[in-house]
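Hello,

Here is the structure I promised to pass on. Please have a look at it, and then read on for what I found.

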Amino acid sequence: MKIYYPTRVFLLRGNHECKQLTSYFNFRDECLYKYDQEVYEAIMTSFDNMPLVALINNKFLCLHGGISPDLKSLADVERIDRFREPPKAGLFCDILWADPVENEELYDEIHYRGNDTRGCSWFFGEKAVQPLLDNNKFICLIRAHEAQLEGYRLYKYNEKIKEFPQVLTIFSAPNYCDVYNNKAAILKFENCTLNISQFGYSQHPYLLPHFLDIFSWSIPFVTEKVTEMLNYVLQPRPGEKIDDSDDEIPNAQVIIKQQTLGQSQSNTRPLGKLQQITKKQIDITKSKISFVSKMMKMQTVLRQERENIIKLKGLCPDKRIPRGVLLQGAEGIKDALEHFNTTRAADRINEKWPETK
């Protein structure tokens, strides 16, 4: 769109437009899979050239994340050397990473507070926003950076004084990460009137995730069938029931004596089918059967809910689905994905500045 309409489309840089996050997530991998390193580097160069702030009608300040203790006027933004990778502190970082405080009780109390959710930058409240708006004759701060259930959120820090919200979060990705089930929204500014339009998502074309080939994709199917066969082999057949009664287990000394007599007296009647199964052996066999049955159930869930499991793993901090979810079946996976707040909480780790190794 920027190439087709260079004077009508303007792109602002966000926190994901950098080498660190494109490598931490799969954007760099996708570039290398579909193209090559040269294309990836060209895109990174274009990110370094994106502006950080936009001003609409001299009244609405637009940026990706939020404000900073170092931001007093637009002149502070103009002094930033933006043609580089974003640093982890300072005005450049804060424009991309800062968030408004979410707890309404703290709106009029907080100035700036360390942003532990992001691992960098700040939370800001009314005492930080209002002076910036007043001193620069701005009406509102418009930003993105956070998924919203309805696609937007209005922060009216002081409703008695201000009719228009001091901060407006707009989020235009519907069903974020294919698991949030959120609406998306866009702002329409026309004839000095600002309107919000919401929209839902369209189903994606079916593609194998994470660039999987059909062989890798089929492994769960094969594993499930192997587990089914193993379970079939271990399950007792009709007439082969294992009797775990202690009365049927002979004394060990008697067994040894019978075996000795059987070896020394060739004309003695054979022992027949041995019933010499110890209680411990029975318990071990039962445990194996139970384990394989659980494995078979989990493998079935893995095959049937593979895509949802991949989505869920992507949201979990250690890239592993919560313990016990597979045994709950499809309903357990669905419950883990369908709630916006639960999904957002699980995805918090991915919203942080990535830890460097």
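How many bridges join E2 to E6, and do they run parallel or antiparallel? There are 3 bridges between E2 and E6, and the two run parallel; strands count as paired if DSSP finds at least two bridges between them.

Before the rest, a word on the source. This is a predicted model, in which local features need pLDDT of at least 70 and side-chain atom pairs count only at pLDDT 80 or more, while totals for chains, interfaces and linings use all residues. Residues are numbered from 1 along each chain as its sequence is written, and side-chain values use heavy atoms, with hydrogens and water left out.

The whole protein

The protein has 12 helices and 10 strands, taken as DSSP runs and numbered from the N terminus (helices are H or I with at least four residues, strands are E with at least two). Of its 357 residues, 32% count as buried. Here buried means under 20% relative accessible area, exposed means over 50%, and partly exposed lies in between, with a 1.4 Å probe and protein chains only.

The sheet

E2 and E6 belong to an open sheet of 5 strands with mixed pairing, in the order E1-E2-E6-E8-E7. Strands E1 (53–56) and E7 (152–155) are at the edges with a single partner strand each, so one side of each has no neighbour in the sheet. E1 pairs with E2 (residues 60–63) in the antiparallel sense over 4 bridges, and Leu55 has Leu61 in E2 as its bridge partner. Leu61 in turn has Leu141 in E6 as a bridge partner. E6 and E8 pair in the parallel sense over 3 bridges, with Leu168 in E8 as the partner of Ile142.

In E6 (residues 140–143), Cys140 and Ile142 point one way, Leu141 and Arg143 point the other way, and all are buried. In a regular strand the side chains alternate between the two faces of the sheet.

Helix H3

H3 (residues 37–48) has 12 residues and reaches 17 Å from its first C-alpha to its last, close to the 16 Å expected at 1.5 Å a residue; the expected span is 1.5 Å times one less than the number of residues. Its buried residues are Tyr40, Met44, Phe47 and Asp48. Viewed down the axis of H3, these fall within an arc of 100°, so they line one face of the helix; the arc is that of the directions from the helix axis to the C-beta atoms. They pack against helix H1 (19–24) and helix H2 (27–34), where contact means heavy atoms within 4.5 Å.

Asp99

Asp99 is found in strand E3 (residues 99–100) and is buried, with a relative accessible area of 1%. Its side chain and that of Arg118 are joined by a polar contact of 2.7 Å (a pair of N or O atoms within 3.5 Å; within protein, one must be able to donate a hydrogen and the other to accept it, and residues adjacent in sequence count only if both atoms are side-chain atoms). Leaving out residues up to four places away in sequence, Asp99 touches several others, including Trp122, Phe124 and His145.

Two positive phi values

Most residues other than glycine have a negative phi. Ser121 has a positive phi, near 65°, and sits in the loop between strand E4 (112–114) and strand E5 (122–124). Ser121 is buried, at 12% relative accessible area. Asp178 also has a positive phi, about 65°, in the loop between strand E8 (167–170) and strand E9 (184–190). Asp178 is partly exposed, at 30%.

Best wishes
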